[in-house]
Each structure stands twice: as structure tokens, then as C-alpha cells.
Amino acid sequence: MTNVLTTNRLTLRPWRVEDASAALNVYGNAEVTRWLSPEMDQVPDETAMRLLLQQWIAEAARLRAPAGRWAIEHTADGQVIGGAILLPLPPGQEDLEVGWQLRPDLWGHGYATETTHALAAWAFDHDVYEVFAVVRPGNTRASSTVRNNGMHWVGETRKYFGLDLQVFRLRVADLDAAAPPSAGPPGRD
């Protein structure tokens, strides 16, 4: 069961089927879906989005804390602005992925950092010692965002989803504001 998490500006709550229209503004946008891992096609319409939300809701009901799927809601106005995940990564389900997807018009406002830190704190409160973000090479915006979140580049792999991915890790000590910033992959941004 996905729990409700809050930050200064955001409420991370379980998805609802009635979120389909707002979710389509995120997952119906090619600028969002082109970078997702596993690969995901752009959601074509509200009916398809509703079906996908039903799948996510059913999946979240089977997950054990701290794993889950959340709608990201702007607390001030109740508007759904994105989605977030804390899910076991294949193939072994032993690594926990933290991720977010936001409407492109809201990129650059710090919502990804707030979301990442809320999900990481939730995981760390459940005896998880590290969370990972996987980023497709070329997604310089996400690579920069995860480093700004305090995550550290650990390498590249095809282990997850059969895709070439950059892997970043966040541990409890990395959330310390005094911790040095993370470097990116050698020779790349």
C-alpha cells in the first residue's frame, strides 16, 4: 500500500483513476516518455491513461513498503503535476529505483529534488540503505538533476531493462547538505 508523503510544497499520494486527465499531461508528452526506463510509449488518450492508472494502482497494492507509485500533487492547489516511483529494479529486485516524471512546463522548479528526497527518506526509514536512479545516456537534464539531488554516479550498465543506462546512487549521508556535490560520468555531462 502506497503511503502519503509530504514536502514543503508537494503531497505524494496514491494514484486515483480520476487523475487520468492530469496524468495524461505528463505521460502523454513525448518529452517525458522518451526518457523513461523501462521504455514506455507516449500515452495516446485519457482512456488509455485510465487503464494504465488502474494497472499502477493494482501493482501498488501488491508492493511492500517502502516501494510504491505516487501521484505528485502541488499541495497549494491540489493539482497533479507528475508521478513518482520507488520500485525494485530487475532482474534481481534487490536494487530500489527512485524516479519522477513531471509536466515539462514545471521542470526546473526543484520539484524533482523534493520528490527524490521525500522518497529516499521514506526508504531510509524502512531499513533501505541506498536508492538508485537510472538515466539514459543523453538525458543531460535528468543526469544534472540527480547530481543536484546529491546522488553519485556509480557507472553504466545494461543490467536494468536491457538498456544502456547510467546509474546514480543516494545513501543517507548524501542527504547531508554539507556533503560534496556529485561528479558526473567521466568525459560526459
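Glutamate 46 and arginine 50 sit 4 residues apart in helix H3, so about one helical turn separates them. Their side chains form a salt bridge, with the closest N and O atoms 3.2 Å apart. A salt bridge here is a side-chain nitrogen of Lys or Arg within 4 Å of a carboxyl oxygen of Asp or Glu. Glutamate 46 is partly exposed, with a relative accessible area of 33%, and arginine 50 is partly exposed too, at 31%. For these labels, buried means under 20% relative accessible area, exposed means over 50%, and partly exposed lies in between (1.4 Å probe, protein chains only).

Before going further, a word on what you are looking at. This is a predicted model, in which local features need pLDDT of at least 70 and side-chain atom pairs count only at pLDDT 80 or more, while totals for chains, interfaces and linings use all residues. Residues are numbered from 1 along each chain as its sequence is written, and side-chain values use heavy atoms, with hydrogens and water left out.

## Two helices that cross

Helices (H or I, at least four residues) and strands (E, at least two) are DSSP runs, numbered from the N terminus. Helix H1 (residues 20-27) packs against helix H3 (residues 46-62) at an angle of about 100 degrees, and their axes are 9 Å apart. That makes H1 roughly perpendicular to H3, a label for angles of 65 to 115 degrees. The axes are lines fitted to C-alpha atoms, for helices over the stretch in contact, and the angles run from 0 to 180 degrees between N-to-C directions.

Which residues of H1 and H3 meet? From H1 come Ala20, Ser21, Ala23, Leu24 and Tyr27, and from H3 come Glu46, Met49, Arg50, Leu53 and Trp56. Contact means heavy atoms within 4.5 Å. By type, the residues of this contact divide into 7 nonpolar, 1 polar and 2 charged. In this count Ala, Val, Leu, Ile, Met, Phe, Trp, Tyr, Cys and Pro are nonpolar, Asp, Glu, Lys and Arg are charged, and the others, Gly among them, are polar.

## The nonpolar cores

In soluble globular proteins, nonpolar side chains tend to be buried together. A nonpolar core is a set of buried Ala, Val, Leu, Ile, Met, Phe, Trp, Tyr and Cys residues joined through side-chain atoms within 4.5 Å. The largest one in this model has 29 residues, and those with the most contacts inside it are Leu12, Trp70, Ile72, Leu86, Leu119 and Val131. Among the elements giving two or more residues to this core are strand S3 (68-74), strand S4 (79-88), helix H4 (111-124) and strand S6 (130-135). H4 gives the most, with 7 residues.

Take leucine 86 as an example. Leaving aside neighbours within four places in sequence, leucine 86 is in contact with residues including Pro66, Trp70, Val98, Leu119 and Val131. A second, separate core of 14 residues includes Trp15, Ala20, Val26 and Trp56.

## Charged pairs

The whole structure holds 11 salt bridges. One of them joins arginine 9 to glutamate 114, with the closest N and O atoms 2.4 Å apart. Arginine 9 lies in the loop between strand S1 (5-6) and S2 and glutamate 114 in helix H4, so this pair ties together parts that are 105 residues apart in sequence. Is glutamate 114 buried or exposed? At 17% relative accessibility, glutamate 114 counts as buried, whereas arginine 9 is partly exposed at 28%.

Aspartate 19 and arginine 13 also meet in a salt bridge (2.8 Å, N to O), and both are buried. Arg13, Asp19 and Glu73 are linked in a network of salt bridges. Glutamate 73 lies in strand S3 and counts as buried at 14% relative accessibility. Setting aside residues up to four places away in sequence, glutamate 73 touches Arg9, Leu10, Thr11, Arg13, Gly78, Gln79 and Val80.

## Backbone details

| Residue | Feature | Value |
|---|---|---|
| Proline 66 | cis peptide bond from alanine 65 | omega near 15 degrees |
| Proline 91 | cis peptide bond from proline 90 | omega near 5 degrees |
| Aspartate 127 | positive phi, not a glycine | about 60 degrees |
| Phenylalanine 161 | positive phi, not a glycine | about 65 degrees |

Proline 66 lies in the loop between H3 and S3, and proline 91 in the loop between S4 and S5. Aspartate 127 is found in the loop between H4 and S6 and counts as exposed at 60% relative accessibility. Phenylalanine 161 is in the loop between strand S7 (152-157) and S8, and at 28% relative accessibility counts as partly exposed.

Key: Angles under 35 degrees count as roughly parallel, over 145 as roughly antiparallel, 65 to 115 as roughly perpendicular and the rest as oblique.
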